[in-house]
Amino acid sequence: MQHFPLWKRILVIGLCLAGFALGVPNLFYNRVEAHNDAVTVLERDGAVTDAQSAAMAGWPAWMPSGLVNLGLDVRGGAHLLAEVHLAEVYKARMDGLWPELRKALADERQVIGSIRRVPSTPDVLKIQIGNADQIARAVEVARALARPVVSMTGVGSSDIEVTGTGDTLTVKLSAAEQTATDDRTMQQSLEIVRRRVDAAGTREPTIMRQGADRILIEVPGIGSAAELKGLIGTTAKLTFHQVVGRAASAEQRPGPGQEILPDANDKTAFYILDSLPVVTGDELTDARPDSDQNGMPAVAFRFNATGARAFGDYTANHIGEPFAIVLDGKVISAPVIQTHIAGGSGVITGRFSVQQATDLALLLRAGALPAGMTFLEERTIGPELGADSIQAGMIASAIGFAAVVVFMIASYGLFGFFASVALAINVIFIIAFMSLIGATLTMPGIAGIVLTMGTAVDANVLIFERVREELRRGIAPVRAFDIGYDKAMSAIVDANVTHFMVGMILFVLGAGPVRGFAVTLLIGIVASIFTALWLVRLIIAEWYAWRRPKTIVV
């Protein structure tokens, strides 16, 4: 015990100081102020450019400023459960395919006769031809328009299924393409909702997919569910512009009818664009990951009739020039026009990975939700309830901490006090690590902290009981502590490993409140092992070196 290595002393003290530095900023942060049922939330109306910095006035800028995010049940806010209308996407795909298929069949009019679209379900395209005996040829023409499914599960499949019965040609999305379309639609919806919510300056929203066609949206600190619905319903601005040139900086003065916009990926790059867009995102009907003629990842897109006409005319007159795709005031891509793009569809090529092509397709379509949403659940949790939750959690934590401290001091005297100091640092470690990773503190998370307070001293109890046994046998104090730590080690490791395994199962398989509980529990387990085996031992070693007692009573 007396020979505590220097590197361990430095490590223990350094980790404790780091824990204090990461945890203390939470004391300087005023999250929500409620006065007469009115809530003031920083950065709601754009009056403050950095809500976190404004809320932490008085805290040095050079110090760590990460904060523990408060969950919906603690801070108050809005909860929505939305159902995405995936059938609308199928209908849009069929409607978009019809002009292309009509043109292909029209080229074979002398063989198959007249062509006419007949009413059907939204996800099915039915076409009636004049010569029923040539239905096989019509099926062949339609199948020529099929493209490979771009997904990990649909490799080798076509995106459409074509059948012919009598004089009717039936086209619908294949099962593999429907699955891929569902995934793309849900991913895009999640991305759009997240962009809308983030634009309001809210912190740590929970936006996640539930089931096949539902999205859970929980935003702490927002005024009401109606406000959140209005926020999600807004449309991002997606435009396509002519590139005039490159700008040295954002401060450069553009010419008449021009604007300077930054590159979304390169903060040092700026583009001079014609301020009047050639086409807008309102005219974009589809964008999805595809492949070019060489099999490399690319992004395919399609405009409606108006957009297709404007886009086709522009590309015909500007071959070899870059064409900027602008989303929310930033240039997300500036491909070079290689050829005249007629028909309202084209492919953006580049040195993309599959993931980059998928992400770009999401961004291209992020100007509007891919399908409508129906809100199945709406709940508003007021800030007063959140404040009550915080107060109740603080009271429970304080009572739990006080009870543990009283028990430890009553049972082990001065050494119980040392263990209590380590317990306080344990809680600081939990807050510090949650601040570092940006975790969200919920009511179940507070319950996990309170539980950690009760279990964190278990290791110290085991160690002190072993030390008592050795002291009763007449072993010298220093040797008694060394033997006590050695004998208790296996039991401490076994207990905490099994405890940690249960916490990991809760975190991996659980969701929502269960995961919030598991986060604080797991952090607390790791912190308790550190404080019990290293921190308390260091405190006792320093105390013994200072006081040099001849006898020790545990």
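User: How many aromatic pairs does a search of the whole structure find?
Analyst: The search finds 17 aromatic pairs. Rings of Phe, Tyr and Trp (its six-membered ring) pair if their centres lie within 6.5 Å; planes under 30 degrees apart count as stacked, over 60 as edge-to-face and the rest as tilted. Before we go on: this is a predicted model, where local features need pLDDT of at least 70, side-chain atom pairs count only at pLDDT 80 or more, and totals for chains, interfaces and linings use all residues. Residues are numbered from 1 along each chain as its sequence is written, and side-chain values use heavy atoms, leaving out hydrogens and water.

User: OK. Why is the pair of phenylalanine 301 and phenylalanine 311 edge-to-face?
Analyst: Their ring centres are 5.4 Å apart and their planes sit at 85°, so the pair counts as edge-to-face. Phenylalanine 301 is in strand β16 (residues 297-303) and phenylalanine 311 is in helix α9 (residues 305-317), so the pair ties together parts that are ten residues apart in sequence. Helices (H or I, at least four residues) and strands (E, at least two) are DSSP runs, numbered from the N terminus.

User: Is phenylalanine 311 buried or exposed?
Analyst: Phenylalanine 311 is buried, at 2% relative accessibility. Phenylalanine 301 is buried too, with a relative accessible area of 8%. Buried means under 20% relative accessible area, exposed over 50%, and partly exposed in between (1.4 Å probe, protein chains only).

User: And what about phenylalanine 303 and phenylalanine 311, what kind of pair is that?
Analyst: That one is tilted, because the ring centres are 4.9 Å apart and the planes are at 50°. Phenylalanine 303 counts as buried, at 5% relative accessibility.

User: Which residues do ring pairs link into a cluster?
Analyst: Tyr412, Phe415, Phe417, Phe418, Phe464, Phe481 and Trp543 are linked that way.

User: What sits over the ring of phenylalanine 507?
Analyst: The charged end of arginine 515 does, 4.7 Å from the ring centre. Likewise, arginine 547 lies over the face of tryptophan 546, at 5.2 Å from the ring centre. The rule is that NZ of Lys or CZ of Arg is within 6 Å of the ring centre and within 35 degrees of the ring normal.

User: Switching topic: what's the strand order in the open sheet of four strands?
Analyst: The order is β5-β6-β8-β7, with antiparallel pairing. β5 (115-118) and β7 (160-165) are the edge strands, each pairing on one side only. Two strands pair if DSSP finds at least two bridges between them. β5 and β6 (residues 124-129) pair in the antiparallel sense over four bridges, and the bridge partner of isoleucine 115 in β6 is isoleucine 129.

User: Which strands does helix α4 touch?
Analyst: Helix α4 (residues 86-106) packs on the sheet and touches β5, β6, β7 and β8 (168-173), its direction making about 140° with that of β8. Helix α6 (residues 135-143) also packs on the sheet, touching β6, β7 and β8, and makes about 170° with β7. Axes are lines fitted to C-alpha atoms, for helices over the stretch in contact, and angles run from 0 to 180 degrees between N-to-C directions. Contact means heavy atoms within 4.5 Å.

User: Where is isoleucine 475 found?
Analyst: Isoleucine 475 is in the loop between α14 (458-472) and α15 (477-509). Isoleucine 475 is partly exposed, with a relative accessible area of 25%. Leaving aside neighbours within four places in sequence, isoleucine 475 is in contact with Glu470, Ala480 and Ile483.

User: Last one: how many helices and strands does the protein chain have?
Analyst: The protein chain has 16 helices and 21 strands, and 45% of its 554 residues count as buried.
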